[in-house]
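Biologist: Could you take me through this one? I would like to begin with the charged pairs and then move on to the sheet and the helices.

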Amino acid sequence: MTTVAAVHTALPPHRYPQDRLTEPIGDLCLPPGADRAVLRRLHASSGVRTRHLALPIERYAALRGFRESNEAWLTAGLDLAGRALTTALDQAGLAPADVDLLVCASITGVAAPSLDARLAGRVGLRPDVKRLPVFGLGCAAGAAGLARVHDYLRGHPGETAVLLTVELCSLTLQKGDDSRANLVAGALFGDGAAALVARAATGTEAQPAAPPGPAVVATRSHLYPDTGHLLGWDVGAGGFRVVIDPGVPALVRRHLGAQVRGFLAEHGLDTGDIGAWVCHPGGPKVLEAVADALALPDDALTASRRSLAAVGNLSSASVLHILQRFTEAHRPAPGTWGLVLAMGPGFASELVLLRW
């Protein structure tokens, strides 16, 4: 059995109210004198109240091209990754040397050696730690990473695996790009890193009085045919230009309900049996589409909306930020079923069934 031993999110120190970011982002993306009505409407309706940025907002105008943005991703990302990883391990009562597998996901920068390799010596991981850097899953990587950690631990009882997600979305904002997709990204996304520590029981350990987190029961991945154009990056000389098609919510409404209900039915469950929805907050329209597709009550996605309001969309780190809430102040009662749900480029969805 895979058990979540700890989850911790690390956020950059540069925190801003949403209305403090609207005009500076307009300065970055729009030509001088351009009408800012659409920009201001997107920021006001984003569901975001505050965000954390990797750099002070005034620093972004000085970044010259993809190289400098990527260097900033590497510098700030390593700091946040180290904080998230060491804090999560400490909360789980473990040391860096106890980690057997490190899965590290990011879609907002690239490096070789990868983030996990550069991090290993800093925090004291063993030289024989198994590493798996992941790029390309985007917002789905938090759920997909947990699923793959579970797959590994099923074959390695007694070991410890860590999922680490590092997303500095602000560093992908394209200067001088007034496309709607770039403006939407500039209104929604925030920066942060998160680490999840998972362990596989051998059946001989003493059971803790209060397990810190849920057990993983099952997982499911799904690719939707002919939808690769809906979400992702258009990679060019300026770096990662975001692709966000307005058809995403409609796709979710058409297909997600049958997929989730079919997955739950395999375990004798329906949506009404889920007491903890850990749903990636893609944005207000996506959350509305999820709620509609699954016929959820109004309060089912409260944790997702609160996460979006507090830190924005953290891409792959968002579901871990939400799961942290459920492992700390708002721990569900024993026996509660939970579902981690995230969607990303592909177009793809990832589901992880949990039980406390």
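Biologist: How many salt bridges does a search of the whole structure find?

Modeller: The search finds 13 salt bridges, and please keep in mind throughout that this is a predicted model.

Biologist: Which residue does D151 pair with, and how far apart are the closest N and O atoms?

Modeller: D151 forms a salt bridge with R148, and the closest N and O atoms are 2.8 Å apart. Both residues belong to helix α5 (residues 141–154), and because they are three residues apart there, about one helical turn separates them. An α-helix has 3.6 residues a turn, so residues three or four places apart point the same way.

Biologist: How accessible are D151 and R148?

Modeller: D151 counts as partly exposed, at 36% relative accessibility, and R148 is also partly exposed, with a relative accessible area of 34%.

Biologist: What about D177, which partner does that one have?

Modeller: D177 forms a salt bridge with R241, with 3.0 Å between the closest N and O atoms. This pair links distant parts of the chain, 64 residues apart, since D177 sits in the loop between β6 (160–168) and α6 (180–188) while R241 sits in strand β10 (residues 239–244).

Biologist: Is D177 buried or exposed?

Modeller: D177 counts as buried, because its relative accessibility is 10% and the cut-off for buried is under 20%.

Biologist: Which residues do salt bridges with shared partners join into one network?

Modeller: That network consists of E23, D27, R36 and R40.

Biologist: Let's change topic to the sheet. What is the strand order?

Modeller: Nine strands form an open sheet with mixed pairing, in the order β5-β4-β6-β7-β1-β8-β13-β12-β11. The edges are β5 (130–134) and β11, each of which has a single partner strand, so one side of each is left without a neighbour in the sheet. From one strand to the next, the twist averages 20°.

Biologist: How many bridges join β8 to β13, and how do the two run?

Modeller: Eight bridges join β8 to strand β13 (residues 348–355), and the two run antiparallel. Within this pairing, S221 has E350 in β13 as its bridge partner.

Biologist: Which strands does α5 lie across?

Modeller: The helix lies across β1 (2–10), β4 (101–105), β5, β6, β7 (191–200), β8, β12 (337–344) and β13, and it runs at about 165° to β6.

Biologist: On to helix packing, then. At what angle do α3 and α4 cross?

Modeller: The axes of helix α3 (residues 65–91) and helix α4 (residues 115–123) cross at roughly 55° and come within 10 Å, which makes α3 oblique to α4. The crossing is right-handed. The contact involves, among others, W73, L74 and L78 of α3 and L115, L119 and V123 of α4.

Biologist: What is the angle between α7 and α8?

Modeller: These two pack at an angle of about 40°, with their axes 8 Å apart, and their crossing is also right-handed. Among the residues that meet are V252, L256 and V260 in α7 and V286, A289 and V290 in α8.

Biologist: Which residues of α8 are buried?

Modeller: In helix α8 (residues 284–294), the buried residues are V286, L287, A289, V290, A291, A293 and L294, and they pack against α7, β11, α9 (302–311) and β12. Just after α8, A295 takes a positive phi of about 50°.

Biologist: Last one: how many residues of α10 are buried?

Modeller: Helix α10 (residues 318–327) is mostly covered, with nine of its ten residues buried, including V319, L320, H321 and F326.

Conventions: Residues numbered from 1 in each chain as written. Predicted model: local features only at pLDDT ≥ 70, side-chain atom pairs only at ≥ 80, totals over all residues. Heavy atoms only, no water. Salt bridge = Lys/Arg side-chain N within 4 Å of Asp/Glu carboxyl O. Helix = DSSP H or I, 4+ residues; strand = E, 2+ residues; numbered from the N terminus. Buried < 20%, exposed > 50% of the residue type's maximum accessible area, 1.4 Å probe, protein only. Pairing = 2+ DSSP bridges. Axes fitted to C-alpha atoms, helices over the stretch in contact; angles between N-to-C directions. Contact = heavy atoms within 4.5 Å. Parallel < 35°, antiparallel > 145°, perpendicular 65-115°, else oblique. Left-handed = near helix turned anticlockwise from the far one by under 90°.
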